[in-house]
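Open the model in your viewer and keep the selection tool handy. We will go from stop to stop, and at each one you will hear what to pick and what is there.

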Amino acid sequence: TGTIVVVPQLSTDGSTEYGASAAEHTRFLNFLRRLKLGLRIDDDRVFIAGHGIGGEIAMDMATSHPDLFAGVVSICGLGRKHLQWTVWNAVNVPWYVVIGDAQGGWYERAGILLTKLLKRSDESHQFCDAMIVKYLNRGPEIYFEESDDVFAWMAVHRRERFPENIHADILRSTDLSWSWVQLESIPSQFTKLDAPSRYNDSGFRPARLKARRKNKHFAVDALPGDHCTVLLSPEIPDFDIQQPYLISHGSKRVTVHYDPDIRVLLDQVRLTGERSRLWFMKVELGD
């Protein structure tokens, strides 16, 4: 056992700016895939963390790809305005946020985000598992004294592989993977964040994804675009491979029997690098 600490460089030109763009997210997702394929990593214990602008990046990645992470750590990260729309995408992801109230702009930026983390999600009515540490009269420091607590916090958290409810506000064409729901594409009117943006940009119109699973029913209630794929695994809690399942989107319903396909499994491993959460069957929904 041990900890692997990796520091990726998202910029290709050495810039320290972060535009939260589709290109930056694509580079990160490709990097994470290569990391998983090249190293023996526990996929259920991958945490994303950062300091300052790195904390801003960590929060953005966690709310755009929550099915990848066991938790997000932000130290002195102030966040971005679009996180007000997307923060509850990661309601199932534990948060550890450290901030000093003498840091410039912390109240106007991070304060709004932290207030949301302490409330119920509008859609799922869940509370985030949020550890928020605010230091009085201190600014953008390293906060080295938090390091032991951060690693102790990581030790008790694991990724939720198969959430019962998925609620996502999507602003980028790269944000297609949501645990057992895989989107084909996002309509262009909902992808304003594909282009680089500034931290205080607003006026976003997110696409909405809502899905739920209960008993023997997988339902996609709201779907960006026309098509999606529901992925199935015998490791899903209470999943009975001997029983038929109902999968629905709107008025369209299909009854499926579990029929694993090694090609689906291998294709998903190739695409994601995942070894802990394996998918054995897929059901395509669309017009």
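Start by selecting F162 and W279, which are both buried. Keep in mind throughout that this is a predicted model. Turn the view until you can see the two rings together: F162 and W279 make an edge-to-face aromatic pair, with 5.5 Å from centre to centre and 80 degrees between the planes. Now colour the chain around them. F162 belongs to the loop between α5 (147-155) and β5, while W279 belongs to the loop between α6 and β13 (281-285), so this pair ties together parts 117 residues apart in sequence.

Next, look at the other aromatic residues. The whole structure holds 11 aromatic pairs. Select W106 and Y107 for another of them: their ring centres are 5.8 Å apart and their planes stand at 80 degrees, so this pair is edge-to-face. Which of the two is buried, and which is exposed? W106 is buried, with a relative accessible area of 14%, whereas Y107 is exposed at 57%.

Select R138 and Y135: the charged end of R138 sits over the Y135 ring, 4.7 Å from the ring centre. Then move to K192 and F204, where the charged end of K192 sits over the F204 ring at 5.2 Å from its centre.

Now go to R172, in the loop between β5 (165-170) and β6 (177-178). Is R172 buried or exposed? R172 has a relative accessibility of 1%, and because buried means under 20%, R172 counts as buried. Show side chains here and find D60, whose side chain is joined to that of R172 by a polar contact of 3.3 Å. Leaving aside residues up to four places away in sequence, R172 also touches a list of others, including A20, H25, H82, F190 and D194.

Finish with a pair of helices. Select α1 (residues 22-38) and α6 (residues 262-272), and look at how they cross: their axes come within 7 Å, at an angle of roughly 115 degrees. Zoom in on the place where they meet, and you will find R33, K36 and L37 from α1 against V269, R270, L271 and T272 from α6. Colour that contact by residue class to see 3 nonpolar, 1 polar and 3 charged residues.

Terms used:
Residues are numbered from 1 along each chain as its sequence is written. This is a predicted model: local features need pLDDT of at least 70, side-chain atom pairs count only at pLDDT 80 or more; totals for chains, interfaces and linings use all residues. Side-chain values use heavy atoms; hydrogens and water are left out. Helices (H or I, at least four residues) and strands (E, at least two) are DSSP runs, numbered from the N terminus. Buried means under 20% relative accessible area, exposed over 50%, partly exposed in between (1.4 Å probe, protein chains only). A polar contact is a pair of N or O atoms within 3.5 Å; within protein, one must be able to donate a hydrogen and the other to accept it, and residues adjacent in sequence count only if both atoms are side-chain atoms. Contact means heavy atoms within 4.5 Å. Axes are lines fitted to C-alpha atoms, for helices over the stretch in contact, and angles run from 0 to 180 degrees between N-to-C directions. Ala, Val, Leu, Ile, Met, Phe, Trp, Tyr, Cys and Pro count as nonpolar, Asp, Glu, Lys and Arg as charged, and the others, Gly among them, as polar. Rings of Phe, Tyr and Trp (its six-membered ring) pair if their centres lie within 6.5 Å; planes under 30 degrees apart count as stacked, over 60 as edge-to-face and the rest as tilted. A charge sits over a ring if NZ of Lys or CZ of Arg is within 6 Å of the ring centre and within 35 degrees of the ring normal.
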